[in-house]
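Welcome, and thanks for taking a look at this one with me. Please have the view below open as you read.

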Amino acid sequence: MRLSLLLICLFILPTYAFSASLTIGSALNRPPYIIEDAESGLEIEIIKAAFKEMGQPVNFKFYSRKRQVLYFNKDRLDAVMTMNPANGVDGYWSNDYVEYTNVAISLSEQRLEITRIADLKKYSVAAFENARFLLGPEFNAVAQQTIYREVDSQLSQNRMLYLGRINTVIADRYIFAQLNKFVEDDVDTQQALSYHFIFPPTSYRMVFHNSVARDTFNQGLARIKANGIYQALVAKYLGSA
């Protein structure tokens with residue numbers, strides 16, 4: 001009888017212990033990847049789908065990058081998304097699960113000549129937070145040789161560019177386009193833009209406190225890539241963007 005109970009516990013306890021919802025730290029509104037109000041978007045849906053495949057419930061908390069890292073380090077979050085080892089956070093890293101298409105964007109009327117990263121030295125630049133580290137050493141060096149700033153709210157990039165307060169912004173092309181709808185009452189978003197494809201795609205991972213949670217995510221991610229869910233989500237959010 002005791003042996004039977006022991007065997008039951010061995011099979012039941014690990015599942016029960018890992019059935020509690022994981023709390024994941026997300027960036028603030030960043031459509032089409034993160035849509036805060038609806039708790040949706042490409043990244044959110046990929047993560048939900050991967051964990052759903054494994055029967056693991058998750059919930060999301062939305063913070064600035066600084067608060068994400070702070071709360072993760074204080075064990076108030078089980079994981080943080082949209083991360084890269086360049087962020088300098090210690091933990092268990094997942095496989096790559098999403099790519100951003102970061103580009104330099106300028107007003108076409110300015111006719112800026114930007115065909116490589118080094119060309120940015122001639123212009124003022126506004127980039128997303130931590131871009132200096134995430135976009136590689138060459139960009140980091142350029143950022144120190146020109147008028148350069150990073151912004152926490154990427155809405156600022158759209159406003160500054162359309163108002164002519166900055167020569168070029170560094171942003172994911174889909175995010176920039178989606179954020180136009182939030183600033184179109186303040187600035188003329190119909191101005192023609194030039195997209196300068198000088199960066200390779202930027203891959204992002206999740207970082208966990210727990211290797212079991214990390215492995216669960218990786219397994220679920222592999223499953224949704226194999227069964228077509230992942231590709232359908234990319235088509236849904238980036239195709240429409």
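This is a predicted model: local features need pLDDT of at least 70, side-chain atom pairs count only at pLDDT 80 or more; totals for chains, interfaces and linings use all residues.

1. Begin with two helices, α2 (residues 42–53) and α8 (residues 211–226). Their axes lie 7 Å apart and pack at an angle of about 100°. Angles of 65 to 115 degrees count as roughly perpendicular, and α2 and α8 are therefore roughly perpendicular to each other.

2. You can pick out the contact residue by residue. On the α2 side are Ile46, Ile47, Ala49, Ala50, Phe51 and Glu53, and they meet Ala213, Thr216, Phe217, Gly220, Leu221, Arg223 and Ile224 of α8. By type, this contact is made up of nine nonpolar, two polar and two charged residues.

3. Next, have a look at the largest nonpolar core, which has 52 residues; Leu120, Phe139 and Ile170 touch the most other members. Helix α2 turns up again here, giving the most to this core with seven residues.

4. Beyond its neighbours within four places in sequence, its contacts include Phe139 and Ile170, along with Ala104, Val125 and Phe199.

5. There is also a second, separate core of 15 residues, with Leu107, Leu161, Tyr162 and Ile166 among them.

6. Finally, turn to helix α6 (residues 155–162), where Gln157, Asn158, Met160, Leu161 and Tyr162 are buried. Their cover includes the strands β6, β7, β8, β9 and β10 as well as helix α7. Just past the end of α6, Gly164 adopts a positive phi of about 75°.

Definitions and conventions: Residues are numbered from 1 along each chain as its sequence is written. Side-chain values use heavy atoms; hydrogens and water are left out. Axes are lines fitted to C-alpha atoms, for helices over the stretch in contact, and angles run from 0 to 180 degrees between N-to-C directions. Helices (H or I, at least four residues) and strands (E, at least two) are DSSP runs, numbered from the N terminus. Angles under 35 degrees count as roughly parallel, over 145 as roughly antiparallel, 65 to 115 as roughly perpendicular and the rest as oblique. Contact means heavy atoms within 4.5 Å. Ala, Val, Leu, Ile, Met, Phe, Trp, Tyr, Cys and Pro count as nonpolar, Asp, Glu, Lys and Arg as charged, and the others, Gly among them, as polar. Buried means under 20% relative accessible area, exposed over 50%, partly exposed in between (1.4 Å probe, protein chains only). A nonpolar core is a set of buried Ala, Val, Leu, Ile, Met, Phe, Trp, Tyr and Cys residues joined through side-chain atoms within 4.5 Å.
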